Amino acid sequence: MEGGAAVYNPRTVEEVFKDFKGRRAAIVKALTTDVQEFYQQCDPEKENLCLYGLPNEEWEVNLPAEEVPPELPEPALGINFARDGLSEKEWLSLVAIHSDAWLLSVSFYFGSRFSFHKEDRKRLFNMINDVPTIFEVVTGMAKRQSKDKSSAANQNGSKSKSNSKVRTSDGKSSKSMQAKDEDEGVDEEDEDDHGETLCGACGDSDGADEFWICCDLCEKWFHGKCVKITPARAEHIKQYKCPSCSNKRARA
């Protein structure tokens with residue numbers, strides 16, 4: 001799939017949004033859980049490279065499409081050239097910003113190609129706008145915004161998830177099962193708070209009934225499946241470090 005060419009052409013608002021979410025999830029994965037591999041592939045000694053997010057949630061670093069004009073709008077060209085001239089955080093943020101712009105251009109390319117009406121375009125934008133940007137996920141802004149929103153909605157306060165670094169599908173801590181919640185009301189508030197949290201890998205807040213784990217260094221929360229940690233394995237982890245933090249420490 002040279003240059004990240006699309007496998008299919010979504011024709012409805014729902015199909016375009018599904019395409020957007022697949023590409024977005026792929027790029028978020030490249031810039032978070034797969035960041036070390038992504039960093040290595042963006043060798044400044046190579047030719048102009050682009051980061052492509054594919055609809056199947058897979059990413060690839062590749063040369064731009066050869067055909068002119070290309071089948072789809074192209075992502076930022078030459079991201080590898082800026083890698084060593086910036087700090088890793090600045091470089092990833094820059095790639096995230098350009099990736100957000102690319103995702104919008106691809107979605108509205110489909111909208112124009114298949115003659116979406118004004119209301120359809122507005123609905124598509126609102127659906128996209130309800131999802132945190134890649135930049136917000138990579139920089140942690142999405143998590144901070146979610147916390148602010150949660151605090152405003154729960155002025156009476158709720159039990160902080162920082163009391164437990166791991167949560168199972170029932171919302172209880174698998175590392176502190178002996179310290180069970182004193183009443184069901186606290187459980188419900190805790191689960192509501194958990195629902196506002198965004199996964200540091202995929203950027204989604206859904207999956208409140210799934211297993212989550214928190215990084216002890218950056219304090220970001222992750223779906224267990226996104227970082228390949230099971231509840232059983234988490235029980236034996238004294239200090240969990242997410243892939244991004246592990247990679248930073250390894251390079252240091």
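I take helices (H or I, at least four residues) and strands (E, at least two) as DSSP runs, numbered from the N terminus.

**Entry 1: ground rules.** The model is predicted, and I keep local features at pLDDT of at least 70 and side-chain atom pairs at pLDDT 80 or more, while totals for chains, interfaces and linings use all residues. Residues are numbered from 1 along each chain as its sequence is written, and side-chain values use heavy atoms, with hydrogens and water left out.

**Entry 2: the helix α3 and its end.** I looked up S115, which follows α3 and has a positive phi, near 55 degrees. The helix α3 itself has 26 residues and reaches 37 Å from its first C-alpha to its last, close to the 38 Å expected at 1.5 Å a residue; the expected span is 1.5 Å times one less than the number of residues in the helix.

In the loop between α3 and α4 I then found F116, which counts as buried at 8% relative accessibility (buried means under 20% relative accessible area, exposed over 50%, partly exposed in between, with a 1.4 Å probe and protein chains only). Taking contact as heavy atoms within 4.5 Å, and leaving aside neighbours within four places in sequence, I list R11, T12, V13, V16, G111, R121 and L124 as the contacts of F116. One of these, T12, is 104 residues from F116 in sequence, with the two C-alpha atoms 8.2 Å apart in space.

**Entry 3: the chain as a whole.** I count nine helices and five strands in the chain, running α-α-β-β-α-α-α-α-β-α-β-β-α-α from the N terminus on. Of the 252 residues, 46% are buried. Among contacts with a separation of 6 or more, 64% are between residues 24 or more positions apart. The accessible surface, by the Shrake-Rupley method with a 1.4 Å probe, comes to about 13,600 Å², and carbon and sulfur atoms hold 48% of this area.

**Entry 4: nonpolar cores.** In soluble globular proteins, nonpolar side chains tend to be buried together. I define a nonpolar core as a set of buried Ala, Val, Leu, Ile, Met, Phe, Trp, Tyr and Cys residues joined through side-chain atoms within 4.5 Å. The largest such core has 38 residues, of which L31, F38, L51 and I134 touch the most other members. At least two residues of this core come from each of α1 (13-31), α2 (35-41), β1 (50-53), β2 (59-62), α3 (88-113), α4 (118-129) and α5 (134-139), and the largest share, nine residues, is from α1. A second, separate core holds 17 residues, including C202, W221, I229 and C242.

Going back to I134, I set aside its neighbours within four places in sequence and found R24, I27, V28, L31, A96, S99, D100 and L103 in contact with I134.

**Entry 5: salt bridges.** I count six salt bridges in the structure, each being a side-chain nitrogen of Lys or Arg within 4 Å of a carboxyl oxygen of Asp or Glu. One of them joins D204 and R24 at 3.8 Å, N to O; D204 sits in the loop between α7 (184-195) and β4 (212-214) and R24 in helix α1, so that the pair links distant parts of the chain, 180 residues apart. Both D204 and R24 are buried.

A further bridge, between K225 and E210, has an N to O distance of 3.5 Å; K225 is in the loop between β5 (221-223) and α8 (231-234), and E210 is in the loop between α7 and β4, 15 residues apart. K225 is exposed at 61% relative accessibility, whereas E210 is partly exposed at 25%.

Within helix α4, D120 and R123 lie three residues apart, about one turn of the helix, and their closest N and O atoms are 3.9 Å apart. D120 is partly exposed at 25% relative accessibility, and R123 is partly exposed at 35%. I also noted that E14, D120 and R123 are linked in a network of salt bridges.

**Entry 6: aromatic pairs.** I pair rings of Phe, Tyr and Trp (its six-membered ring) if their centres lie within 6.5 Å, and call planes under 30 degrees apart stacked, over 60 edge-to-face and the rest tilted. The structure holds six aromatic pairs. The pair of Y52 and W102 is edge-to-face because the planes stand at 85 degrees, with the ring centres 6.3 Å apart. Y52 lies in strand β1 and W102 in helix α3, so this pair ties together parts that are 50 residues apart in sequence. Y52 is buried at 1% relative accessible area, and W102 is buried at 4%. Ring pairs also link F38, Y39, W59 and W91 into a cluster.
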